[in-house]
Amino acid sequence: MASENRGIAEAAIVRPATEEDLDGLVQDLWAVASEGRWIGTEVPFDREARRDRLALLSPGELSALFVADTSSEGGPGVVGHISIEIASYGVADIGMLVIDGWRGMGLGTTMLNVAIEWAKSAGAHKMALEAWPHNSAALELYRRAGFVEEGRKLRHYRRRNGEIWDAVVMGRPLP
Ligand SMILES: CC(C)(COP(=O)(O)OP(=O)(O)OC[C@H]1O[C@@H](n2cnc3c(N)ncnc32)[C@H](O)[C@@H]1OP(=O)(O)O)[C@@H](O)C(=O)NCCC(=O)NCCS
């Protein structure tokens with residue numbers, strides 16, 4: 001199954017999200033949030049509100065939403081997405097995920113490269129994000145794409161289970 005998925009992932013395309021993708025993206029977000037370890041969002045969340053937020057991202061001059069779509073080789077369709085929002089001061093904040101079963105196959109790298117090129121063309125001077133210190137896959141992905149650790153927010157985010165987590169702050173200048 002994993003090797004079959006790898007072949008499908010290699011043929012995946014990264015394209016702008018459309019209205020038809022939104023319910024699936026909310027479902028993917030729910031699935032990854034349910035893992036409880038990787039992203040800031042926790043379940044339950046307001047699906048309708050999240051769908052509305054995603055709908056506002058694409059298409060826009062200062063925001064974008066791209067999906068990794070595996071349909072061409074008979075895959076299940078969209079298995080990951082990346083959002084980019086450029087603040088008024090020129091920094092592009094990103095958030096991304098790949099659903100379980102499709103990770104480690106290069107889709108994160110491909111989506112991140114598309115996001116970097118989009119942010120450059122949209123006039124951002126820098127990209128920024130935060131990741132949990134235990135999220136080695138994300139930290140390594142970002143380092144490889146030229147992000148550097150700028151610092152940490154210490155005991156910053158309270159989780160619903162009462163734990164308080166640090167966050168790694170990363171940035172990447174855009175030439
Ligand atoms: C983080 C995430 C987006 C990475 O996407 P991905 O498609 O798995 O990443 P890639 O396959 O492109 O891997 C890129 C590099 O990251 C590193 N990497 C990937 N998975 C890794 C793992 N489990 N452990 C350590 N490094 C890992 C590797 O260096 C890899 O390059 P390589 O395959 O050439 O060795 C994905 O794992 C994910 O969605 N995780 C859950 C949600 C999440 O953490 N979102 C980001 C929040 S900040």
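Let's start with Trp 165. Its relative accessibility is 16%, so Trp 165 counts as buried; the cut-off is under 20%. Keep in mind that this is a predicted model.

Now its partner, Trp 132. That residue has a relative accessibility of 6%, so Trp 132 is buried as well.

On to the rings. Searching the whole structure gives 4 aromatic pairs. One of them joins Trp 132 and Trp 165.

Where do the two residues sit? Trp 132 is in the loop between strand S5 (126-131) and helix H5 (136-144). Trp 165 belongs to strand S7, residues 164-173. They are 33 residues apart, so this pair links distant parts of the chain.

Next pair: Tyr 142 and Phe 147. Here the geometry is tilted, with 5.6 Å centre to centre and 55° between the planes. Both Tyr 142 and Phe 147 are buried.

Back to the tryptophans. Which residues do ring pairs link into a cluster? Trp 132, Tyr 157 and Trp 165.

Trp 165 has a charged neighbour too. Arg 159 lies over the face of Trp 165, 4.4 Å from the ring centre.

Last item, another arginine over a tryptophan. The charged end of Arg 47 sits over the ring of Trp 30. The distance to the ring centre is 4.2 Å.

Conventions
Residues are numbered from 1 along each chain as its sequence is written. This is a predicted model: local features need pLDDT of at least 70, side-chain atom pairs count only at pLDDT 80 or more; totals for chains, interfaces and linings use all residues. Side-chain values use heavy atoms; hydrogens and water are left out. Rings of Phe, Tyr and Trp (its six-membered ring) pair if their centres lie within 6.5 Å; planes under 30 degrees apart count as stacked, over 60 as edge-to-face and the rest as tilted. Helices (H or I, at least four residues) and strands (E, at least two) are DSSP runs, numbered from the N terminus. Buried means under 20% relative accessible area, exposed over 50%, partly exposed in between (1.4 Å probe, protein chains only). A charge sits over a ring if NZ of Lys or CZ of Arg is within 6 Å of the ring centre and within 35 degrees of the ring normal.
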